[in-house]
Amino acid sequence: MKIAVLPGDGIGTEIVAEAIKVLKVLDLDLTLETAPVGGAAFEAHGHPLPPATLQLAMDSDAVLFGAVGDWKYDTLDRPLRPEQAILGLRKNMGLFANFRPAICYQQLTDASSLKPELVSGLDILIIRELTGDIYFGQPRGRRIATDGHFPGSEEAFDTMRYSRPEIERIAHVAFQAAQKRNKRVTSVDKANVLETFQLWKDVVSEVGKQYPDVALDHMYVDNAAMQLVRAPKKFDVVVTGNMFGDILSDAAAMLTGSIGMLPSASLNAKNQGLYEPSHGSAPDIAGKGVANPLATILSAAMMLRFSLNQPEAAVLIEKAVDAVLSQGLRTPDIYSAGTTKVGTREMGDAVVKALAQAS
Ligand code: IPM
Ligand code: MG
């Protein structure tokens, strides 16, 4: 099994190094090949997603991704910015199904900004469509307006669009995920205003008829944002488009109090996947050895489960993470009084040790 390792920028290199340490203890037959991506690739090769990096990713069973981005690239032309690397990988690999679990670890309940009773035991799964919507819709650009409120002025525009097959396939992913969980799907749309999301709602309802064991409800995105902070435990699987999913998944992540704990997976139709922490490159703490590596380590677990067919190994990693939390080890982002503050490397070492003891 071949894994493309793309550490990227900022804390990406530090956290990916810990995940690799963990994977190596498991003694699976994995070939790891590293390539630059994001700002690091721009510095080395003049492009955030060099052809060799893309080729390596396409030829691998899975991609283990760190994070990309730094403020210093904000003034580059858009096609050269680090974020284009992740968008290019999603598009070229066809990674249309993005899984973003938001799980509140019992040991970290106090880290949430919500009252403990609202989040204790929280386990929801946001499924975000990842290759369509306004992110990729054409046409887009800038021009001089010929109509609208200010004809003759400069304007910018993007296109929100979804086709029936794009909605069908992500709906199937959501219903099938719900079948393995609490059998509830909430489809989030803006059908009261947008044509795109009226089609979304209609198609998700149609697909839902094939899954009579799963309860489906529909929610407008503004209401969904409110319900997520009002009563998050009412959700099981949330399925939504690319743009709404981007926003709602950040909100959901913060409910758990610790975006540094949350993994994610982006899959294509062949179960090839890209696995990355839900958080970004955090340039403000890069190189300081304080970043939380657990989201990346848990992403490696998701990789073993979804793309490499090693569910037992995935469970071992998840149990090891649980064990280090129970030992009271905390990186600064999840630290609270009475626990032990550790750095990135110590946290990785502790997971390695817990794994070695379990296996
Ligand atoms: C995410 C990020 C990306 C997105 C950016 C970095 C392009 O915010 O994965 O949620 O908007 O999809
Ligand atoms: Mg985002």
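Which residue just after helix 4 takes a positive phi? Select G94, whose phi is about 65 degrees, and keep in mind that this is a predicted model in which local features need pLDDT of at least 70, side-chain atom pairs count only at pLDDT 80 or more, and totals for chains, interfaces and linings use all residues. Residues are numbered from 1 along each chain as its sequence is written, chains are lettered from A and ligands numbered from 1 in the order in which they are written, and side-chain values use heavy atoms, leaving out hydrogens and water.

Next, select helix 4, residues 83–93 (helices are DSSP runs of H or I with at least four residues, strands are runs of E with at least two, and both are numbered from the N terminus). Its buried residues include I86, L87 and L89, where buried means under 20% relative accessible area, exposed over 50% and partly exposed in between, with a 1.4 Å probe and protein chains only. Among the elements that cover these buried residues are strand 1 (2–8) and strand 5 (123–129).

Now move to helix 9, residues 242–255, where N242 is found. N242 counts as buried because its relative accessibility is 0%, and among the residues it touches are R128, Y135 and Y162 (contact means heavy atoms within 4.5 Å).

Then select R128 and D246, whose side chains meet in a salt bridge at 3.8 Å, N to O (a side-chain nitrogen of Lys or Arg within 4 Å of a carboxyl oxygen of Asp or Glu). R128 lies in strand 5 and D246 in helix 9, so the pair ties together parts that are 118 residues apart in sequence. R128 is buried at 1%, whereas D246 is partly exposed at 25%.

Definitions and conventions. Lists of a residue's contacts leave out its neighbours within four places in sequence.
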